[in-house]
Amino acid sequence: MKRKRKGSAGSFKKSAEKLVEEILAGERAALAQAITLVESNAEHHFETAQHILTKLLPHSGSSVRIGITGVPGAGKSTFIDSFGTYLCNEGRRVAVLAVDPSSKVTGGSILGDKTRMERLSKNPHAFIRPSPASGTLGGVARKTRETIILCEAAGFDWILVETVGVGQGEFVVREMVDFFMLLVLTGAGDELQTMKKGIMELPDLVVVNKADGNNLERAKAAIHEYQSILHFLKPYTAGWETTAVPASALYEKGIKEIAQSVQDFIEETENSGILQERRTSQQKEWLHEMIKEQLHYMFMKDEHISKLLPRYEQKVLSGDQSVSLSVRELMNLFFSKRKQL
């Protein structure tokens, strides 16, 4: 009698069913294992991960999804620790998807999110997942959207996605959350010089953090500056006025008010239908992104293309052929070969 090979479709499906059952029961170890499967680039993990996601999709979508970004030194982790702890104390279950820059050597998460969120990491109602960015756009992990689905199915009703605060990460996260928060420091004028163009058009709330002690007066001045800027910008969310508010994550000041602001936003956008429209639009955009990603993966993994690519690279570098023509010829070769299969 032949033994079923470990890792076969049958054993995968059995383990997937077990993971689905345990995730719905709120078991954190199962959630962590499923996220690892989703994040894996190994082809033999893909079907298992997608089976799990398909089973869990009906149990997702009920959380408040919040993106949090900020200028360097704004205290994102301290703020999330304080904000998440407050939510947990209010009876919420909070998942934090903290996406760190990747080590160029190991490709792993190098900042150690759990050590930066000491209270929240010990809270039984919270789940923190540090994810390697793996060189993806803006440091945002490619599978963050699917991880959100898993966390929602596990019963987490507030999902906080922290970006690295550089590059295009803010724009990517904005397209996968309901509410987007920008953390800044005092001295708004100086910060705006280094802030990426267009970032002020993204948030639903601007939080001037570290508004305490000697910084208090400077924080008030910064809020005035940001309010002046926001007055001339079109709000990202129709019908919602983006404002700047003070907070001190260290002394837990302003945290309750920020949570209430998020709650007000969710209620207003749900009643107006904007929240559902946003999620529908995000799903469509996600589909298109995944199609492009899959096509790119298939193209680069094609043996025939991988052999021809260096030759075309040389043609382009030597100036013998344009980039556009080279791409067209390679694509024609790729698709003509697949038609023959």
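D81 is found in helix α4 (residues 76–89), where helices (H or I, at least four residues) and strands (E, at least two) are DSSP runs numbered from the N terminus. The structure is a predicted model, in which local features need pLDDT of at least 70 and side-chain atom pairs count only at pLDDT 80 or more, while totals for chains, interfaces and linings use all residues. Residues are numbered from 1 along each chain as its sequence is written, and side-chain values use heavy atoms, with hydrogens and water left out.

With a relative accessibility of 10%, D81 counts as buried, a term that means under 20% relative accessible area, as against exposed at over 50% and partly exposed in between (1.4 Å probe, protein chains only). When its neighbours within four places in sequence are left aside, D81 is in contact with M117, E118, R119 and L120, contact being defined as heavy atoms within 4.5 Å. The side chain of D81 reaches the backbone nitrogen of R119 at 3.4 Å, and a polar atom of this side chain also lies 2.8 Å from the backbone nitrogen of L120.

In the protein as a whole, there are 14 helices and 7 strands, and buried residues make up 44% of the 341 residues. The accessible surface comes to about 18600 Å², of which 54% belongs to carbon and sulfur atoms; such areas come from the Shrake-Rupley method with a 1.4 Å probe, and for residues only the protein chains shown count as cover. Of the contacts with a separation of 6 or more, 76% are accounted for by residues 24 or more positions apart. Helix α7 (residues 144–153) is mostly covered, since 10 of its 10 residues are buried, among them R145, E146 and E152. This helix is followed by G155, whose phi is positive, near 100°.

A pair of aromatic rings is described by the distance of the centres and the angle of the planes. A search of the whole structure finds 7 aromatic pairs, for which rings of Phe, Tyr and Trp (its six-membered ring) must have centres within 6.5 Å, with planes under 30 degrees apart counted as stacked, over 60 as edge-to-face and the rest as tilted. One of the pairs is formed by W240 and F265, which are edge-to-face at 5.2 Å centre to centre, with 90° between the planes. Because W240 lies in the loop between α10 (216–231) and β7 (243–246) and F265 in helix α11 (residues 255–272), this pair ties together parts that are 25 residues apart in sequence. W240 is buried, with a relative accessible area of 12%, and F265 is likewise buried, at 1% relative accessibility.

A further edge-to-face pair consists of F299 and F334, at 5.4 Å centre to centre and with 65° between the planes. The pair links distant parts of the chain, as F299 belongs to helix α12 (residues 274–301) and F334 to helix α14 (residues 323–340), 35 residues apart. F299 counts as buried at 11% relative accessibility, and F334 is buried with a relative accessible area of 2%.

Elsewhere, F79, F83 and W158 form one aromatic cluster. Charged side chains also lie over rings, as R93 does over the face of F156, at 4.1 Å from the ring centre, and K315 over the face of Y312, at 4.7 Å from the ring centre. Such an arrangement requires NZ of Lys or CZ of Arg to be within 6 Å of the ring centre and within 35 degrees of the ring normal.

Methods
Polar contact = N/O pair within 3.5 Å; in protein donor to acceptor, adjacent residues only side chain to side chain.
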